Amino acid sequence: GNGTVESFTLCVLRIDKGLEPSCAESCANKAILFGDLNNPDSEIAKKIRTVASVQVRASLGLNTGVRYQGL
């Protein structure tokens with residue numbers, strides 16, 4: 001519908017090419033990070049270890065990789 005998100009794919013076509021999602025690439029102040037949480041050397045994994053964050057909709061038990069900082 002009008003004013004709603006139809007689908008959110010994290011720019012899967014860009015990711016398949018080894019690129020970041022457009023939102024992360026265009027975020028000059030790095031407020032949006034994207035990476036592999038399973039790689040302990042990735043920028044996002046390092047950030048998760050040092051900055052408090054919460055998993056999106058953790059109560060659903062989906063174990064999503066999306067986190068919000070400072071909530």
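In the protein chain, where is confidence lowest and where is it highest?

**View 1. Confidence along the protein chain.** Confidence is lowest in strand β2 (residues 67-69), at a mean of 83, and highest in α1, at 91; here pLDDT is the predictor's confidence in each residue, from 0 to 100, while helices (H or I, at least four residues) and strands (E, at least two) are DSSP runs, numbered from the N terminus. This is a predicted model, in which local features need pLDDT of at least 70 and side-chain atom pairs count only at pLDDT 80 or more, whereas totals for chains, interfaces and linings use all residues. Residues are numbered from 1 along each chain as its sequence is written, and side-chain values use heavy atoms, with hydrogens and water left out.

**View 2. The salt bridge of R14 and E25.** The side chains of R14 and E25 meet in a salt bridge at 3.0 Å, N to O, a term for a side-chain nitrogen of Lys or Arg within 4 Å of a carboxyl oxygen of Asp or Glu. This pair links distant parts of the chain, since R14 lies in helix α1 and E25 in helix α2, 11 residues apart.

**View 3. The salt bridge of K30 and E43.** A second pairing joins the side chains of K30 and E43 at 3.4 Å, N to O. K30 belongs to the loop between α2 and α3, and E43 to helix α3, 13 residues apart.

**View 4. The surroundings of F34.** F34 sits in the loop between α2 (22-26) and α3 (43-50). Not counting residues up to four places away in sequence, F34 touches I15, E20, P21, A24 and I44, where contact means heavy atoms within 4.5 Å.
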